[in-house]
Amino acid sequence: DGEKGENVVEGEIPSELQELVDEKRAELIECLADVDDEIGELFLMEEEPTKEDLKAAIRRQTVACSFVPVFMGSAFKNKGVQKLLDGVLDYLPEPIEKQNFALDRSKDEEPVE
């Protein structure tokens with residue numbers, strides 16, 4: 001809320017959307033179970049992962065380039081921008097966690113560190 005989206009408002013999920021939210025959460029857990037061993041184990045044991053379990057798995061698999069979190073928002077009044085920035089901090093690798101390299105176009109795109 002606010003003129004520039006500076007006030008993040010969180011509230012209860014409307015009852016008419018609760019079934020869809022539950023369905024999408026189950027889909028998220030299933031997708032993570034396909035790429036993350038810890039979530040996969042919980043999934044096979046039919047246990048419900050905690051929010052912390054999910055965040056840790058999303059980060060592990062994002063850093064490993066096996067999973068891509070997607071955020072939605074709007075440039076109009078910056079809706080969702082704060083949550084996007086929180087996601088960058090929570091899930092994306094720090095510069096020291098990934099090797100960076102460039103491709104040398106003059107040498108048939110040979111990697112250069």
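Axes here are lines fitted to C-alpha atoms, for helices over the stretch in contact, and angles run from 0 to 180 degrees between N-to-C directions. The model is predicted.

**Helix packing**

Two packed helices are described by the angle between their axes and the distance between the axes. Two pairs are described this way below.

| Helix pair | Axes come within | Crossing angle |
|---|---|---|
| α1 (residues 18-35) and α2 (residues 37-44) | 6 Å | roughly 120° |
| α2 and α3 | 9 Å | roughly 135° |

Start with α1 and α2. Their axes cross at roughly 120°, which makes α1 oblique to α2. The crossing of α1 and α2 is left-handed. On the α1 side, the contact uses I29, E30, L32, A33 and V35. Facing them in α2 are D37, I39, G40 and F43.

Next, α2 and α3. Here the axes cross at roughly 135°, so α2 is oblique to α3. From α2, the residues E38, I39 and L42 make the contact. From α3, the partners are D53, L54, A57 and R60.

**Salt bridges**

The whole structure holds seven salt bridges. One of them pairs R25 with E48. Their closest N and O atoms are 2.2 Å apart. R25 lies in helix α1, and E48 sits in the loop between α2 and α3 (51-63), so the pair ties together parts that are 23 residues apart in sequence.

**Surface patch**

Which residues make the nonpolar surface patch of about 450 Å²? They are F71, V81, L84, L85, V88 and L92. Of these, L85 is found in helix α4 (residues 81-91).

Definitions and conventions: Residues numbered from 1 in each chain as written. Predicted model: local features only at pLDDT ≥ 70, side-chain atom pairs only at ≥ 80, totals over all residues. Heavy atoms only, no water. Patch = residues over 30% accessible without salt bridge, like charges linked within 9 Å, V, L, I, M, F, W, Y side chains within 5 Å. Areas by Shrake-Rupley, 256 points an atom, 1.4 Å probe, with all protein chains shown as cover. Salt bridge = Lys/Arg side-chain N within 4 Å of Asp/Glu carboxyl O. Helix = DSSP H or I, 4+ residues; strand = E, 2+ residues; numbered from the N terminus. Parallel < 35°, antiparallel > 145°, perpendicular 65-115°, else oblique. Left-handed = near helix turned anticlockwise from the far one by under 90°. Contact = heavy atoms within 4.5 Å.
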